[in-house]
Amino acid sequence: MTVQLADKSPTETAAISLPAANAAVDAASRYWKTMSNNRLSLSVASTRTGVKTAATSNQSYSQIMDTVTRELNWVTNPYTALVVFIATPTLSSNAYGAGWSTSGISGRVLMPLPGSLTDSVLTHEFGHVLGLMHSDSLQCLSGASDVASTPGGSFADSSCTIREYGNTMDLMGVSQRSQPTISSSLWQYGGFGRGDEILDAGKIVDSKSFTLTAWAGTASKRAVKFTDPMSGEAYYLELRLPVGYDTATAIGGNRGVNIVQNGGSTAASSIILMPSTKPFSSSYGQNHAWQAGQTFTTHAGTRVSIDWISDSAAGVTIESIAAVASRAMAAVASATASLGSTASGVVCGLRGGGCYQDYQGGAIIWSPATGAQPTTGAIRARWGALNFVDGPMGYPTSAETCGQPAGGCYQNYQGGAIIWSPTTGAHASTGTTRTAWAKSGFLDGPLRYPTGDVTCGMAQGGCYQDYEGGAIIWSPATGAHATTGPTRAAWARTGFLDGPLGYPTSDVICGQPAGGCYQDYQGGAIIWSPTTGAHPSTGPTRTAWAGSGFLTGTLAYPTSDIVCGLVNGGCYQDYQGGAIIWSPTTGAHATTGPTRAAWAGTGFLDGPLGYPKSDIVCGLVNGGCYQDFQGGAIIWSPTTGAHATTGPTRAAWGRTGFLDGPLGYPTSDIVCGQPSGGCYQNYQAGTIAWSPTTGAHPLSGSVRTAWTTTGSLTGTLAYPTSDVICGLVNGGCYQDFQGGAIIWSPTTGAHATTGPTRAAWGRTGFLDGPLGYPTSDIVCGQPSGGCYQNYQAGTIAWSPTTGAHPLSGSVRTAWTTTGSLTGTLAYPTSDVICGQPSGGCYQDFQGGAIIWSPTTGAQPSTTGPIRDHWGSTGFLTGPLGYPTGAQTCTPAGDLCSQQFTGGKITWTPTGAYIG
């Protein structure tokens with residue numbers, strides 16, 4: 001029947017070739033007629049074309065077939081099948097056909113457009129109608145040819161699965177153009193043929209040989225079925241040769257003896273057991289058959305040997321496990337005189353298909369995997385105490401091997417070995433503990449003989465085994481590792497598993513710098529070298545050591561254990577290159593090299609720095625490093641060395657920007673014992689000075705230079721009382737001191753102002769007054785023990801008798817014309833006094849005064865008869881008013897005069913007069 005799907009046109013449906021469909025039915029009929037010894041044949045009873053359905057091509061093949069069946073009102077009848085073709089290239093899931101059975105005598109088949117595979121696929125689908133399912137293969141990543149099943153129904157080998165359609169040599173396997181003969185297990189399951197094609201050999205309890213002929217032929221007893229006496233499973237042996245329906249497929253690795261069983265994906269399936277069950281990449285396997293010389297062994301131990309294969313037949317020998325074991329045991333018994341005579345027959349049925357036979361002096365144990373091995377004496381007694389083959393040791397894999405160090409012997413087992421010596425007795429070595437012992441060199445290594453069995457029940461589910469030279473310790477999380485010598489002694493000092501280290505997580509690893517070794521533990525490590533001994537490294541101390549680079553870092557090897565009981569609950573550990581210091585509040589930090597030496601200079605923990613708060617941090621400017629401490633820091637550079645900075649001195653340095661500021665690196669430690677109980681610390685570009693009353697303040701640059709010229713702490717300025725304060729007019733800065741200040745500007749430089757000179761400058765308004773910045777230091781050694789200091793716009797002059805007074809502007813200019821301090825006016829005795837008539841001002845001097853007004857300028861009025869006479873007129877309030885010029889005299893000095901706004905005063909030896 002051809003069916004037009006709802007989403008297909010009549011034209012598309014008409015493309016279904018009825019001749020091709022009928023030819024496929026004929027091919028299926030010929031095949032199944034052959035398989036059934038002419039008892040089955042197929043013929044087309046009726047044909048319908050273009051039957052419309054509501055089903056669509058995007059539905060699953062089950063949905064399509066169910067819809068068509070329902071619409072046709074088709075019901076199953078014995079020996080009748082419904083075959084439907086639809087106009088699609090394949091069915092859903094890329095299937096080339098689908099078949100359904102009803103009791104094996106009726107069914108339905110759905111096919112896509114006829115193609116190159118139609119004959120074999122339709123024949124395959126009629127296999128389903130006849131009640132057969134697929135021919136599968138065993139597929140194991142391990143490659144095992146046969147595996148047992150667990151009570152739960154899964155494979156005992158977890159790498160194994162069933163590959164559906166995996167038997168290329170069976171029509172009910174994967175689709176192909178040829179139509180290979182169905183396997184003998186399906187043949188018997190479906191009841192095909194005459195019933196004499198398969199010889200049932202039953203249980204094989206000894207050894208029997210059989211001849212197979214081509215399975216695709218017609219001879220009776222051409223295949224053999226046998227039952228494994230141990231597992232009760234049935235196996236089929238069939239010879240695939242290129243005859244009949246196997247002509248195209250029984251070639252290469254598929255020509256030979258196939259071994260199959262009932263079962264697979266379903267009870268109606270079959271499964272092929274190949275020489276290698278590892279997955280094959282293509283759809284078709286190329287090595288299904290067993291070849292001459294190969295031996296198949298059931299999972300229970302029965303062996304099938306392929307003795308020979310010819311062009312028409314093959315010889316096979318089936319040998320029971322008991323027969324195999326007996327032959328092997330006899331050979332061992334004849335070579336082992338110490339066993340004596342037999343004390344039992346061969347007993348099979350042990351785990352893994354094994355057998356044993358008791359002797360007067362022991363026993364011989366055999367399994368398919370290990371062969372026959374004798375067991376005697378103390379080693380056998382130890383094995384027995386471990387429950388023989390059902391214990392952790394499993395089967396012996398060798399005889400006893402003696403002649404070992406100290407007269408010892410050992411015997412290997414599946415699960416390890418049993419080791420014996422006259423002094424230590426016999427002890428089992430198994431699992432990861434044995435692996436660890438092997439890594440140490442077995443008996444030739446430092447551990448030598450085990451002195452006890454593996455003892456479990458330790459913390460975290462761990463176990464240990466003692467040896468002459470130490471122990472092997474194991475836990476699920478850490479594995480098994482040997483502990484020996486000084487490393488083990490150091491671990492013992494920490495309390496073994498009850499201490500902070502916990503379980504070892506590595507073996508002892510040597511080849512370290514200076515011939516050292518280490519062993520890692522859950523909580524740290526133990527480090528050893530010939531010169532430093534073995535010391536544990538744990539917790540934050542170890543983390544800090546790791547940060548320094550472990551053995552390749554500056555600290556190198558630890559030279560002590562961790563020592564606690566320090567101030568505030570701290571601990572330390574010494575190293576070749578320094579120490580690591582820890583406290584609950586600061587954590588663990590390494591101290592090394594010149595930084596550590598500088599810390600030592602402060603008194604370590606008893607000094608002002610306390611505990612380190614950071615590691616040494618490098619990468620600073622000019623290759624420097626620092627380390628922070630509770631009470632400060634230690635700063636180092638290649639050119640300045642390491643120096644501690646603490647307390648207010650450090651705070652003052654911080655205000656300057658530390659290394660980013662003008663001071664740079666400290667070049668000295670803090671030096672105390674200075675005047676007034678003070679201290680100082682020198683830096684590359686300055687000093688920080690401190691006293692109890694002034695605090696700490698930095699001095700740098702030209703300000704510091706100016707301070708130095710005054711005598712530093714022992715000079716007039718003494719201690720600074722402020723930092724340098726900038727932002728003054730014209731970009732200037734100042735710094736206050738106990739004895740004054742230092743004032744700086746870019747154009748005038750730095751100059752100290754102190755004492756009465758500073759007071760006088762202050763009266764002018766400092767920088768807001770007329771004088772501006774000082775342009776010189778205070779210059780003493782002047783007449784009458786006086787001093788002066790120049791400013792941008794004037795001078796301050798001082799003497800013990802006159803005090804300090806500023807001179808500026810035209811008054812100072814006029815003073816200068818008189819000769820300044822060495823002139824007739826000498827020292828000023830007052831500041832400039834303004835508020836005079838007509839807006840004028842004057843300043844008194846030792847030798848007179850300088851008088852100024854806006855109209856007359858500044859004119860000197862020197863002590864003498866002219867000044868006296870002017871005074872008698874009332875000075876500025878008299879008729880003469882302001883002088884308009886300086887006093888002038890003749891060369892002989894017998895005539896002097898001075899002009900005023902209201903007249904002139906003239907002097908001769910006879911006196912002074914106006915006019």
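Here are some notes on the salt bridges in this structure.

1. Keep in mind that this is a predicted model, where local features need pLDDT of at least 70, side-chain atom pairs count only at pLDDT 80 or more, and totals for chains, interfaces and linings use all residues. Numbering runs from 1 along each chain as its sequence is written, and side-chain values use heavy atoms, with hydrogens and water left out.

2. Searching the whole structure turns up 17 salt bridges (a side-chain nitrogen of Lys or Arg within 4 Å of a carboxyl oxygen of Asp or Glu).

3. Take Arg 327 and Glu 319, whose side chains form a salt bridge at 2.3 Å, N to O. Glu 319 is buried at 12% relative accessible area, while Arg 327 is partly exposed at 48% (buried means under 20% relative accessible area, exposed over 50%, partly exposed in between, with a 1.4 Å probe and protein chains only).

4. Arg 650 and Asp 628 also pair up, at 3.5 Å from N to O. This one links distant parts of the chain, 22 residues apart: Arg 650 sits in helix α12 (residues 647-655) and Asp 628 in strand β38 (residues 625-629). Helices (H or I, at least four residues) and strands (E, at least two) are DSSP runs, numbered from the N terminus. Here Arg 650 is buried at 17%, and Asp 628 is partly exposed at 22%.

5. Next, Asp 831 bridges to Arg 763 at 2.7 Å, N to O. The two are 68 residues apart, with Asp 831 in the loop between α15 (809-817) and β53 (833-836) and Arg 763 in helix α14 (residues 755-763). Arg 763 is partly exposed, at 46%.
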